[in-house]
Amino acid sequence: GSDAVYPPMYAFGASSGGSFVGMLSSQMKQDPEDYAPFLFSPANIQIMASNEHDHWDIPTVFPTMSGDTQTSKRVQDWVNREMQVDKGPYKITTTSGRKPIHVDHFRRVFQDDRQMSDKISGSIYQDLSTQGVVNSSTDEVFTNPRFSKDAVMSIWQKYDLLSRKEIANDSKHLDASDVHPFGVSKRLMRSLKKEELDDADSIWLIEELNVAWDGHEITA
């Protein structure tokens, strides 16, 4: 009824998801009756600049990567244009910079995933160090991960879904049905299509390296 009270809706999106949030926010402003009562209250659009044709005036935070100057400039340009028209409440924040990859990094990142043990986390770290991706003296990523594609790919393939299922099939103590992409729960995995599972399996390593490098893999 007209007296119904609906909770505020908070929109979060990163990368291409951020583009989607911006597009939807713009559509909600243009045609609010088409989306009411489920209208965004504030939005958080991470590491992605909005399309110059999208416009909205809800409070919006734009977290950007300090190493991604191209995206940061595009976000600033969008905000400057919108401030001249709507003077909306927009805020740009910047990440703290590059981050180290420690020996227990992946175990901490995937702490809710029992597949990622201290041993596997340490092995991944050792491989990154041996392949020249991470400096073992400082734990810092040597260079843009995109420039180390072959090394990163070889390490990923060593721990990808297929490789770990083969290990489980050869083991008396492991069940291949319990193997799933790092960070994806068995409950979530049941609802994913094959291509979505393949996508989840392919990004767990490169995404962490991109965050450590502090540069978006598409726009930096």
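**Sheet and salt bridges**

Guide: Start with β2. Of its 7 residues, 5 are buried, so β2 is largely enclosed by the rest of the structure. Keep in mind that this is a predicted model.

Visitor: OK. What is the strand order in the open sheet, and is the pairing parallel or antiparallel?

Guide: The order is β1-β2-β3-β4. The pairing is parallel in this open sheet of 4 strands.

Visitor: Which are the edge strands?

Guide: β1 (9-14) and β4. Each of them pairs on one side only.

Visitor: How many bridges join β1 to β2?

Guide: There are 5, and the two strands run parallel. β2 covers residues 40-46. For a landmark, find Gly13: it stands opposite Ile45 in β2.

Visitor: Which helix packs on the sheet touching β1 and β2?

Guide: That is α1, residues 16-30. Its direction makes about 150° with that of β2.

Visitor: And which helix touches β3 and β4?

Guide: Helix α3, residues 69-85, packs on the sheet there. The direction of α3 makes about 165° with that of β4.

Visitor: Good. New topic: salt bridges. How many are there?

Guide: The count comes to 7.

Visitor: Let's take Asp214. What does Asp214 form a salt bridge with?

Guide: With Lys99. The closest N and O atoms are 3.7 Å apart. Asp214 lies in the segment after α9 (194-213), and Lys99 in the loop between β4 (90-94) and α4 (105-109), so the pair ties together parts that are 115 residues apart in sequence.

Visitor: Is Asp214 buried or exposed?

Guide: Buried, with a relative accessibility of 2%. The cut-off for buried is under 20%.

Visitor: Now Arg107. Which residue does the Arg107 side chain meet at 3.6 Å?

Guide: Asp104, in a salt bridge, with the distance taken N to O. Both ends are partly exposed: Arg107 has a relative accessible area of 30%, and Asp104 is at 24%.

Visitor: What about Asp118? How far apart are the closest N and O atoms of Arg107 and Asp118?

Guide: 2.8 Å, and this pair forms a salt bridge too. Arg107 sits in helix α4 and Asp118 in helix α5 (residues 118-130). The two residues are 11 apart, and the pair links distant parts of the chain.

Visitor: Asp118: buried or exposed?

Guide: Exposed. Its relative accessibility is 53%, and exposed means over 50%.

Visitor: So which residues are linked in the salt-bridge network?

Guide: Four names to select: Asp104, Arg107, Arg108 and Asp118.

How values were computed: Residues are numbered from 1 along each chain as its sequence is written. This is a predicted model: local features need pLDDT of at least 70, side-chain atom pairs count only at pLDDT 80 or more; totals for chains, interfaces and linings use all residues. Side-chain values use heavy atoms; hydrogens and water are left out. Buried means under 20% relative accessible area, exposed over 50%, partly exposed in between (1.4 Å probe, protein chains only). Two strands pair if DSSP finds at least two bridges between them. Contact means heavy atoms within 4.5 Å. Axes are lines fitted to C-alpha atoms, for helices over the stretch in contact, and angles run from 0 to 180 degrees between N-to-C directions.
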